[in-house]
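Please look over the sequence and the model shown here before reading on. The paragraphs that follow go through them part by part.

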Amino acid sequence: MLTASACATSGSPDAHITAAAPRSASPAPTAEPALTKKEALAQIAHYSKINNAANTDRNRHLLDTVEDGPLYAMSISDYRETEGLPAADRKPYKPWSYDLASAELYIPRLRVGQDRWFVAALSDQKGKAPSRLAVFVERPQHKRWEMVSVVDLDSQKLPDIALDRDRYATAVAADGNKQLAAGTDLLRTAVLDNFATGGAHTGTKVFAPTKASKRQIEVHDKTGTRYGNQGTTVFAGAANRYTDAYALKTTDGGALILFSHTHTQTDAVAHSGLQINPGKDDRAWLHDVPRTSITYTFVCNDAATVPAKAEPSRLIGYTCARINASGPPVDSWSNRA
C-alpha cells in the first residue's frame, strides 16, 4: 500500500532565490586552414601522377579517383572524342606535370563543418609563370582530394587574393553576398548572354570588356553567321549539374569567383535539301551521319573578379569542352535505318 509522505514542515521552506551564476559564452569556432601548404603541393603532385596514368589508356575508373565535377565530365568527353577517331588519327599521349616550384596556393581558412577546398595557380611548364587556376575539393566519403575545375587565364597576372600574415586566404560567400557587386547566379547569366546574344542583355552590363568576355561574344558573332543563308546557329543555356562555386576575398574587398556553366549550340539547315556533315571530331557522337540539325552541349569553367562596389566584374578566363552532340539524320539516312 502506498502512503503519502509529508511534503512540508512547519515554518518557512529551506528553498530561497539567488542570482543565477553567469553562463560562460561558447567561444566562436576558429577558422583553420583547409590543409597545409605542404599537403596542398602533395595533392597537386598526386593529381599529375594519376592523371598521366589514367590518360595513357583512357582509364575512366582511375581518373575518377582524382577528378570530379565539371572537370571529370570534360576529361571523359575528351576520351570519347579520341576513341571516335581512327587509330591513325589519334595523337600519341605525352606525359606532363604541374610545376610545383612556381605554384601559387590560395588556401582558405574554413570553420568546422565547412567543405574543405583550395585554389592553386599552376603552370604545366617548368620555369613559366602560372596561367591556370585549379580548384581542389576534399571528398570525405572517399577520403581523398579531387580536382573539380580548371580555368585557363588570358593573362599571367594573377588575381590579388587577400592573404593573412601566415599566407592563408579568406573564403567568402559566392552568392547572396551583399558585400559584392555580383554573385554567381548573375555572373553565370551574363556569361550565357555573351554566347546567346553577344552580351546584348546582361553580358556587357555585368562584365567590363576583357579578352575572355570579348572572346565569348566573338564566338556568338562569328559562329552565328558562318553558314550564311544556308543555315543558322543558336546558343542557349542548358541544365547545369555543376552549381558549386568557390570565392576568395581579394585585396580590394571584392572576390575571385570560380564557377561553371552549361550551354548548347544548335546548328540547323535553312531548308530541305541541305545537310550538315559532321567533322571527324564529332564522330564519337554523330558517327559520320549527315544531319539536318546538330545540338552540341558544352560544359565550361569560368573565373571572374567581382568588386565590392557597384562596378562591372571582370571575366578573366574560361575553358569549355563539348560533352555531347545529337541531331536528326537527313531523310535518306532515316529511311535507311
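**A walk through the chain**

Strand E9 (residues 246-249) pairs with E10 in the antiparallel sense over four bridges, where two strands count as paired if DSSP finds at least two bridges between them. Within this pairing, Ala247 stands opposite Ile257 in E10. E9 and E10 form a hairpin with five residues between them, and Gly253 in the turn has a positive phi of about 90°. Helices (H or I, at least four residues) and strands (E, at least two) are DSSP runs, numbered from the N terminus.

This is a predicted model, in which local features need pLDDT of at least 70 and side-chain atom pairs count only at pLDDT 80 or more, while totals for chains, interfaces and linings use all residues. Residues are numbered from 1 along each chain as its sequence is written, and side-chain values use heavy atoms, with hydrogens and water left out.

The chain holds eight helices and twelve strands. Of its 337 residues, 43% count as buried, a word that means under 20% relative accessible area, whereas exposed means over 50% and partly exposed in between (1.4 Å probe, protein chains only). Contact means heavy atoms within 4.5 Å, and among the contacts in the chain with a separation of 6 or more, 67% come from residues 24 or more positions apart.

Three strands form an open sheet in the order E1-E3-E7, with mixed pairing. Its edge strands are strand E1 (32-33) and strand E7 (169-170), each of which pairs on one side only. E1 pairs with strand E3 (residues 108-110) in the antiparallel sense over two bridges, and the bridge partner of Pro33 in E3 is Arg109.

At 1.5 Å a residue, the 20 residues of H1 should span 28 Å, and its end C-alpha atoms are 29 Å apart, which agrees; the expected span of a helix is 1.5 Å times one less than its number of residues. The buried residues of H1 are Ala40, Ile44, Tyr47, Ser48, Ile50, Asn51, Asn52, Ala54 and Asn55. An α-helix has 3.6 residues a turn, so residues three or four places apart point the same way. What covers the buried residues of H1 includes helix H2 (60-63), H3, E2, strand E4 (117-122), E5 and strand E6 (144-152). Just after H1, Arg58 takes a positive phi of about 50°.

Rings of Phe, Tyr and Trp (its six-membered ring) pair if their centres lie within 6.5 Å, and planes under 30 degrees apart count as stacked, over 60 as edge-to-face and the rest as tilted. By this rule the count comes to nine aromatic pairs. Tyr47 and Tyr98 form a stacked pair, with 6.4 Å centre to centre and 20° between the planes. Tyr47 lies in helix H1 (residues 37-56) and Tyr98 in the loop between helix H3 (69-83) and strand E2 (104-106), so the pair ties together parts that are 51 residues apart in sequence. Tyr47 is buried, with a relative accessible area of 5%, and Tyr98 counts as buried at 7% relative accessibility. Ring pairs link Tyr47, Trp96, Tyr98, Phe118, Phe136 and Trp145 into a cluster.

Arg139 lies in strand E5 (residues 132-139) and, at 16% relative accessibility, counts as buried. Leaving aside its neighbours within four places in sequence, Arg139 is in contact with Asp68, Arg144, Glu146 and Val148. In the loop between E5 and E6 lies Lys143, which has a positive phi of about 55° although it is not a glycine. At 79% relative accessibility, Lys143 counts as exposed.

At 1.5 Å a residue, the 14 residues of helix H4 (residues 184-197) should span 20 Å, and its end C-alpha atoms are 20 Å apart, which agrees. Its buried residues are Thr184, Leu187, Arg188, Ala190, Val191, Asp193, Asn194 and Phe195. What covers the buried residues of H4 includes helix H6 (211-223), strand E8 (231-237) and strand E10 (255-269), and H4 is followed by Gly198, whose phi is positive, near 80°.
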